[in-house]
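Hello,

Here is the structure I promised to send over. Have a look at it first, and then read on for my notes.

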Amino acid sequence: MTAAGPGDDLRCVGAAGVRYNAPLGAERAGDLASRLESAGATRVVDLCCGRGALLCDVLRGSPGARGTGVDLDAEASAAAWELARAAGLDDRASFEVGDAAHWLGAAERSAEIDCAVCSGGSHAFGGSDGLLAALAASPGAGIALVGDGLYAGSPDGTAPDGGVVEMLGSLVVGMDDYERRATKAGWQVLWSDRSSLDEWDAFEGGWTDAVNALGTPEAAAFAREREAAYGLYRGVLEFGWFLLGRDGAAT
């Protein structure tokens, strides 16, 4: 087991300070839930679900659906249970502490679902291509909703210059390339969009406000580092949303 780094606790505080651990506003969350309801999702798994807010939104929008959230973070899973109970969804939602890739790769469990959701969790699958391939290999998932980070890129489709790539690593460049990769993995792209800068600003602001609220010098320094990083990747790092289906899936 790897020892926790000095900033891990502060990252948990930041993540707990926002409803979704992604640049996602309430209006978009409602739209995503509506799209999954229209696509016929009834048995949903939310991979790397965090504190469970998006899964609860999906189940609230689909009264007949049931869902399971999977995340390695035991504290986040406990918070997800509390959120589901508070929303009156604990009879249809469940949460497990575990590895999302392992869960999806288990044939018996994977065959039980008809929809897979993964927002901000492609790292658990080795990156975007690994996530798309793992979802496509799932025997039950005829529908998938993916939220993933990518670079906006330049007009010629190249990655951004400077320290952003050094800081964040190699990512898909552009929505068009992401859709091509999804198609190559065996998916039909039914719909796509990207988070707005307003959603990004609210997400990053909520994250750093939660850290700053601790009132310690360490927290203040950590929040300043995050704010400085955001100043570099604002408008360069995007967050794309992709509704994917098999051939013949509903739109």
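Let me start with a pair of helices. Helix 7 (residues 128-137) and helix 9 (residues 175-184) cross at roughly 35°, and their axes come within 9 Å. Please keep in mind throughout that this is a predicted model. The crossing of these two helices is right-handed. On the helix 7 side, the contact is made by Ser 128, Asp 129 and Leu 132, while helix 9 brings in Tyr 178, Arg 181 and Ala 182. Sorted by class, the contact of helix 7 with helix 9 has 3 nonpolar residues, 2 charged ones and 1 polar one.

Helix 2 (residues 26-38) packs with helix 3 (residues 53-61) at an angle of about 50°, and the axes are 8 Å apart. Angles from 65 to 115 degrees would count as roughly perpendicular and those under 35 as roughly parallel, and helix 2 and helix 3 are therefore oblique to each other. Helix 2 passes helix 3 in a right-handed crossing. Helix 2 makes this contact through Ala 29, Ala 33, Leu 36 and Glu 37, and helix 3 through Asp 57, Val 58 and Gly 61. In the contact of helix 2 with helix 3, 4 residues are nonpolar, 2 are charged and 1 is polar.

Cys 48 sits in the loop that runs between strand 1 (43-47) and helix 3. Although Cys 48 is not a glycine, its phi is positive, at about 60°. Is Cys 48 buried or exposed? Its relative accessibility is 18%, and the cut-off for buried is under 20%, so Cys 48 counts as buried.

The last stop is another loop residue, Ala 111, which is found between helix 6 (107-110) and strand 4 (115-119). With a relative accessible area of 44%, Ala 111 is partly exposed. Which residues does Ala 111 touch, leaving aside those up to four places away in sequence? They are Arg 43, Pro 139 and Gly 140. For a sense of distance, take Ala 111 and Met 167: they are 56 residues apart along the chain, and their C-alpha atoms are separated by 38 Å.

That is what I have for you so far. Happy browsing!

Best wishes

Technical notes
Residues numbered from 1 in each chain as written. Predicted model: local features only at pLDDT ≥ 70, side-chain atom pairs only at ≥ 80, totals over all residues. Heavy atoms only, no water. Axes fitted to C-alpha atoms, helices over the stretch in contact; angles between N-to-C directions. Helix = DSSP H or I, 4+ residues; strand = E, 2+ residues; numbered from the N terminus. Parallel < 35°, antiparallel > 145°, perpendicular 65-115°, else oblique. Left-handed = near helix turned anticlockwise from the far one by under 90°. Contact = heavy atoms within 4.5 Å. Nonpolar A, V, L, I, M, F, W, Y, C, P; charged D, E, K, R; others polar. Buried < 20%, exposed > 50% of the residue type's maximum accessible area, 1.4 Å probe, protein only.
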